[in-house]
Amino acid sequence: MTRRRSTSLPFLLVPLAATLALTGCFSASAEPAGSTDRISVAHMQPPRSGLDPLSDDAFKLSRWSTAETLVTLNESGDATPGLATAWERTSDTTWDITIREGVSFHNGEPLTAAAAANSLQAAIDSTPVPRILNGTALKVAVVDEHTLQITTGDPDPLLPQRLSSPQLAIFDAAAYTDHGVDPVNTGTGPFKITAVDGISGATLERFEGYWGEPAAAEGIDVKFVPDGTARTAALRTGEADIVEAIPAGQASTVDQELLTEVPMPRTNTLYLNTKKGPFADPAVRAAAREAIDRAAIIGSVYEDRADVAEGLLGPALPYAAGYRDDAEYKELLGHRAQPAKVKDVKISLGTFTDRAELPEVAVILEQQLEAAGFEVQQDVREYQYIEADALDGAFDAFILSRATVLDSGDPVAYFASDFTCEGGFAISQLCDAQVEKSITSASETEAGTGRQRAIMMAEARILGTDAAIPLLHERVIQGENAAVSGAARDPRERALVTTQTQRDAK
């Protein structure tokens, strides 16, 4: 079985010089954040692509409420109106999209179906294409001033959710230049970008011509601060109003009232090689499953700032837990193999250093597995040097921190990538007819509760093979100044500063 190399888990490796330069961006002489009605934000990662919205930088533009999409997602992942007010599926592969009237871009130009089509066509034509469009073969046509028609290559019940991807945000035609896409003064959101300072920061002002609820704050001042200690200090001293990703090891140095733990759609999972080696035997996989103490890992490595994994999908997907009490779900899990008794079974265990917790997780897992009778040989490298071996099945077991919902807010793409015969990220090398059938069924089901149920039955099928043993669901620690209210706490990391974010009156 041939596996293609995946780019679904990008890791930012910030040059040392840039890190050192940004660590001190909040100086002792800086004006306190509370002195204006502006919101100051300390982000963890600087832009990779000059804030080009066709890159992963699109998520920053979304979190600043400067770029908007045709469709948004609610907490359950259902499609709701954005710059589009309605959508209708007129055939298996054709959708009519109604564009909201009365919307202006930040430069004063009106939003039309032609402008929306231009943005979508730019995404379709880009290299690389945004991952949300992989395999969709989208075609876009203008029906009239406020109606857009989108055609997909195959029936796609998830098209509205796809249109919510920040990489499909709509910009005025002036944004599209020979040098890339420039979001400055060309979006539609309640805040407009007025200045960008490379990888140091950005400035946004309230957009007075916004079509919806006006922003409460006058503007946003952004700094990019890769160093976790510096971000934490900025929150502690009041020099930043909102701080991304406070490191767990730094959390105890800050007033706990300033911290919020947001469950992430990211699961730390032990993948077992089902194709060759000791774990080709389901009973040996079951023995590994029974050997693991998740609470010990969470308490030691994550300082209890993570959730025990009951399945592949965690609390960031509100519907997941309810289906695990379903009789069919329990029956599917009931067919798992009984654990074998193992003694001196040699296994290789791989992981990577780019996420600092994973080598520590590997140490504890080694201890737990060896207590059950395994002999563990660890292999820990930088991700770029270990990914190919992991995808080629070079390890008996591999620890991975994996995003479980991608840009559509739907986990089916993750299941297909990791657990189907031709999946592009199938570290477990799993090829099981029943799992394949369940994932296909979920992918073809219309959005809504029916699809959610199909997703959870697919999860049960996967778990029933013990090809992947979920360990924990990660949380991110978000810091917020006591004077700030209305900041979004979004597991999908699409929203942060919204129209309701403001500094409370003293």
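The crossing of helices α12 and α13 is left-handed, a label given when the near helix is turned anticlockwise from the far one by less than a right angle, with right-handed used if it is turned clockwise. This is a predicted model, in which local features need pLDDT of at least 70 and side-chain atom pairs count only at pLDDT 80 or more, while totals for chains, interfaces and linings use all residues. Residues are numbered from 1 along each chain as its sequence is written, and side-chain values use heavy atoms, with hydrogens and water left out. Helices (H or I, at least four residues) and strands (E, at least two) are DSSP runs numbered from the N terminus.

**Confidence**

- The protein chain has an average pLDDT of 89, and 92% of the residues score at least 70; pLDDT is the predictor's confidence in each residue, from 0 to 100.
- Within the protein chain, helix α6 (residues 282-291) has the highest confidence, at 98, and helix α1 (residues 16-23) the lowest, at a mean of 35.
- Over residues 1-35 the pLDDT stays under 50, and the model has 76 contacts beyond four places in sequence for them, a contact being heavy atoms within 4.5 Å.

**Helix packing**

- Two packed helices are described by the angle between their axes and the distance between the axes.
- Helix α12 (residues 412-419) and helix α13 (residues 433-444) have axes that come within 10 Å and cross at roughly 155 degrees; axes are lines fitted to C-alpha atoms, for helices over the stretch in contact, and angles run from 0 to 180 degrees between N-to-C directions.
- α12 and α13 are therefore roughly antiparallel to each other, given that angles under 35 degrees count as roughly parallel, over 145 as roughly antiparallel, 65 to 115 as roughly perpendicular and the rest as oblique.
- On the α12 side, Val-412, Phe-415, Ala-416 and Phe-419 meet Val-435, Ile-439, Ala-442 and Ser-443 of α13.
- The axes of helix α7 (residues 294-301) and helix α10 (residues 357-371) also come within 10 Å, crossing at roughly 140 degrees, which makes α7 oblique to α10.
- The crossing of α7 and α10 is right-handed, and its contact involves Ala-296, Ile-297, Ser-300 and Val-301 of α7 with residues of α10 including Val-361, Ile-364 and Leu-365.

- Trp-211 is placed in the loop between β11 (201-206) and β12 (219-224).
- With a relative accessible area of 30%, Trp-211 is partly exposed; buried means under 20%, exposed over 50%, and partly exposed in between (1.4 Å probe, protein chains only).
- Beyond its neighbours within four places in sequence, Trp-211 is in contact with several residues, among them Gly-82, Leu-83, Arg-100 and Thr-188.
- Val-103 is 108 residues from Trp-211 in sequence, yet their C-alpha atoms are 5.4 Å apart in space.
- The side chains of Trp-211 and Glu-68 are joined by a polar contact of 3.0 Å, that is, a pair of N or O atoms within 3.5 Å; within protein, one must be able to donate a hydrogen and the other to accept it, and residues adjacent in sequence count only if both atoms are side-chain atoms.

**Other loop residues**

- Ser-164, in the loop between α4 (159-162) and β8 (176-177), counts as buried at 3% relative accessibility, and its side chain makes a polar contact of 2.9 Å with that of Arg-494.
- The peptide bond from Thr-127 to Pro-128 is cis, with omega near -5 degrees.
- Asn-185 is not a glycine, yet has a positive phi of about 65 degrees.
- Ala-245 likewise has a positive phi, of about 50 degrees, and is buried at a relative accessible area of 16%.
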